[in-house]
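Let's take a walk through a protein model together. Have a look at the picture, and then we'll start with how a pair of helices can cross.

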Amino acid sequence: KFGQRQECLTRLERIEEHNLESAQRARAELYRGVAFRDLGRMSDAIEACRRARQTALEALDEEHPLFAEIDLEEGVAIARSGQFEAALTRFESSAAAFDRLHDYHRAAESRDCLGNVFYLRGQLAAAMSEYTNAQRSWRQLADPQAQIATMNSMGSVQHMLGELDTARDTF
């Protein structure tokens, strides 16, 4: 999405030298958060996403699509830092917002993330439910790469539940 992440951070600094509108500043902070996250700098990523949210709150209506993006990206960073309860809240919010916005791809992505967090918490039935919801969307959206990734996650849940034949068929 952003190429080399360190390079992305440098480009964002150059962009921010210009007089940006609040929405553009918020999006730049969001991109900074994603770059930090991909560099493994979770606390910096979370802080950048929070700055993005604060900047967006000052300038945009609460229904603006940028808030759903912030919820999703911040949720990933929060989950990677082990704060699963907070991540669930972000992913639930992003899934609902993306559904409302008719962005079904990002809604499915949010549900897949919900499944991942439930899986990590050992809530396998909830994980399977979210993966199933995401899988339905991936099929409707004809996104085979996302379908395969979610099917692998579903197979892992089945394996953990001892459904070895089903898991083998899923994989």
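Predicted model: local features only at pLDDT ≥ 70, side-chain atom pairs only at ≥ 80, totals over all residues.

Now find helix α2, residues 22-38, and helix α3, residues 42-59. Their crossing is left-handed. The two pack at an angle of about 165°, and their axes are 7 Å apart. Angles over 145 degrees count as roughly antiparallel, so α2 is roughly antiparallel to α3.

Which residues of α2 and α3 make the contact? On the α2 side they include R25, A26, L30 and F36, while α3 brings in, among others, A45, A48, C49 and A52. Sort the residues of this contact by type and you get 10 nonpolar, three polar and six charged.

Next, let's go inside. In soluble globular proteins, nonpolar side chains tend to be buried together. Here the largest nonpolar core has 27 residues, and A87, F91, V117 and V157 touch the most other members. Helices α3, α4, α5, α6, α7 and α8 each supply at least two residues of this core, with the largest share, six residues, coming from α4.

Zoom in on F91. Leaving aside neighbours within four places in sequence, F91 is in contact with L72, G75, V76, A79, S110, C113, L114 and V117.

Conventions:
Residues numbered from 1 in each chain as written. Heavy atoms only, no water. Axes fitted to C-alpha atoms, helices over the stretch in contact; angles between N-to-C directions. Helix = DSSP H or I, 4+ residues; strand = E, 2+ residues; numbered from the N terminus. Parallel < 35°, antiparallel > 145°, perpendicular 65-115°, else oblique. Left-handed = near helix turned anticlockwise from the far one by under 90°. Contact = heavy atoms within 4.5 Å. Nonpolar A, V, L, I, M, F, W, Y, C, P; charged D, E, K, R; others polar. Core = buried A, V, L, I, M, F, W, Y, C linked by side-chain atoms within 4.5 Å. Buried < 20%, exposed > 50% of the residue type's maximum accessible area, 1.4 Å probe, protein only.
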